Amino acid sequence: MKNILFAASECVPFIKTGGLADVAGELPKYIDKEKYDVRVILPNYRAIPEQYKKDFSYKTHFYMELGWRQQYVGILETKRNGVTFYLVDNEFYFNGDKPYGQIHEDIEKFAFFCRAVLSALPLLDFRPDLIHCNDWQTGLIPVYLNDSFQAGGFYQGIKSVMTIHNLKFQGIWDKKKVRDITGLNDYYFAPDKLEAYGDANYLKGGIVYADYITTVSETYAKEIQTPFYGEKLDGLMRARSNNLCGIVNGIDYDEYNPATDKYIKYPFTAENFRKEKSKNKKELQKELGLEVNDKKFMVGLVSRLTDQKGLDLVECVMEELCADDMQLVILGTGDPKYENLFRHYEWKYHDRVSSSIYYNNERAHRIYASCDAFLMPSLFEPCGLSQLMSMRYGTIPIVRETGGLNDTVEPYNEYESTGTGFGFCNYNAHEMLATVRYAKRIFYDKKREWNKMVDRAMAKDFSWAGSAKKYEELYDRILGC
């Protein structure tokens, strides 16, 4: 049996700010327990709800050097769904209301976390064959593994994988300060290691020293080797392209299941969606104060309201979208500019636009289950989960063909009657508008074709089981199984 340790800064159900938490919490459940002992380690944030903390028990504690300081490290342990979870405890670092705060504090916090993960291993009776690191917060683990931990025989031969969930976030701070915090010597602060454009870069360190790099879709793995998507690390990504691959994330098929979803009034399946799905649509229209009409083309958008999500395109043609024969349902928070934009259009077109400027999981489920189409015009999208959720509920995605959206949504082809959604290629507002109007035309004029597309979308399998198989193959390749 091989031992795998997942190191992550967040993990469902304990703490979540983004898709990384889903990967750290869900993927280990689906890895074959006959072949691998998979364990997960994350920080013991004060923000973790008490209902989860009470399940953890004390495992061990020790003191560790971090640069010139001595720091306390406590380890707590629990088991869930056949997976062992560890919390790294230190009140000085993890006492905030949120997992992340000011970058200069986070830089020291996650240097501590990376060193603590490796220092704790001999006391856990668990020697991983491979440590799976996630994003910049764990980027120093492969670096430390190469450095001071090589002296003891215990650590020799431990492999590492670095998964990039979003290349935009890299953990960049002043080189001199990082040297002081981490205790790494000058050797590591050269341009071919941690240094980038005069500063120290945690993610770059992880990419340089990891045995293998993965990211969360095949297209994104190619995109980050180009200057447009590469966030100034495209040269490094090209240099490591032989050890780089993309594996699409999955979604929890128990939580996102139209047949059993407790948040929707009329559960449905691929067999009976033609009758039942539209009942949910009318319920949502009532709930949101829109015109109640199940024949109206209804488009959902559940998102962080930021430029990355392509909302500047929506802003550009919002008036045209509202003038068309359709309804728009928006849920999310983010940039005040977009929050106010959607509030304004709800006020102006209250019977056809609904803007919920907050996040609510129950309403998100109802939007996925009730809308006819789902809009994701992202500038870049490493993987994207909303398009997978919407297809699970037979809601047809309209996406820009980038990153994981390109890998998971097959554009509709009316001549061959294939496809699971609609795509547009260029980052252009009028191209997006034309694609929305094309989708609307198919919905109104070719209802049988639309329903066949829903059948194909609901038949797709984007559960974690498929992703887990690919990760297992990768682990085997790295470990020479």
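Two strands are taken to pair if DSSP finds at least two bridges between them. On this basis, in the predicted model, strand S1 (residues 2–7) and strand S6 are joined by 4 bridges and run parallel. Within this pairing, Ile4 has Leu130 of S6 as its bridge partner. Strand S6 is also joined to strand S7 (residues 159–164), in this case by 5 bridges, and these two strands again run parallel. Here Cys133 stands opposite Met162 of S7.

Strand S6 (residues 130–134) has 5 of its 5 residues buried and is therefore largely enclosed by the rest of the structure. The side chains of the strand are divided between two directions: Leu130, His132 and Asn134 point one way, whereas Ile131 and Cys133 point the other way, and all are buried.

For Val88, contacts beyond the neighbours within four places in sequence include Ile41, Leu42, Pro43 and Asn44, together with Val73, Gly74 and Ile75. Phe94, Phe112, Phe113 and Ala116 are likewise in contact with Val88.

An open sheet of 3 strands is arranged in the order S8-S10-S9, with antiparallel pairing. The edges are formed by strand S8 (172–174) and strand S9 (195–196); each has a single partner strand, so one side of each is left without a neighbour in the sheet. Strand S8 is joined by 3 bridges to strand S10 (residues 199–201), and the two run antiparallel. Ile172 has Asn201 as its bridge partner in S10. Two helices pack on this sheet. Helix H6 (residues 175–182) touches S8, S9 and S10, and its direction makes about 95° with that of S8. Helix H7 (residues 202–209) touches S9 and S10, and its direction makes about 55° with that of S10.

A contact between helices is formed by helix H1 (residues 19–30) and helix H18 (residues 464–479), whose axes come within 9 Å and cross at roughly 80°. As angles of 65 to 115 degrees count as roughly perpendicular, H1 and H18 are therefore roughly perpendicular to each other. From H1, the residues Asp22, Val23, Glu26, Leu27 and Tyr30 meet Trp464, Ala465, Ser467, Ala468, Tyr471 and Glu472 of H18. By class, the residues of this contact comprise 7 nonpolar, 1 polar and 3 charged.

Asn249 is placed in the loop between strand S12 (244–246) and helix H10 (273–288). With a relative accessibility of 6%, Asn249 counts as buried. Leaving aside neighbours within four places in sequence, Asn249 is in contact with Val23, Trp464 and Ser467, as well as with Val216, Cys383, Leu385 and Leu388.

Arg400 lies in strand S17 (residues 396–400). At 5% relative accessibility, Arg400 also counts as buried. Apart from neighbours within four places in sequence, the residues in contact with Arg400 include Tyr229, the stretch Met376, Pro377, Ser378 and Leu379, and Leu405. Phe424, Cys425, Asn426 and Tyr427 are in contact with Arg400 as well. Between Arg400 and Ala457, the separation is 57 residues in sequence and 17 Å in space, C-alpha to C-alpha.

Key:
Residues are numbered from 1 along each chain as its sequence is written. This is a predicted model: local features need pLDDT of at least 70, side-chain atom pairs count only at pLDDT 80 or more; totals for chains, interfaces and linings use all residues. Side-chain values use heavy atoms; hydrogens and water are left out. Contact means heavy atoms within 4.5 Å. Axes are lines fitted to C-alpha atoms, for helices over the stretch in contact, and angles run from 0 to 180 degrees between N-to-C directions. Angles under 35 degrees count as roughly parallel, over 145 as roughly antiparallel, 65 to 115 as roughly perpendicular and the rest as oblique. Ala, Val, Leu, Ile, Met, Phe, Trp, Tyr, Cys and Pro count as nonpolar, Asp, Glu, Lys and Arg as charged, and the others, Gly among them, as polar. Buried means under 20% relative accessible area, exposed over 50%, partly exposed in between (1.4 Å probe, protein chains only).
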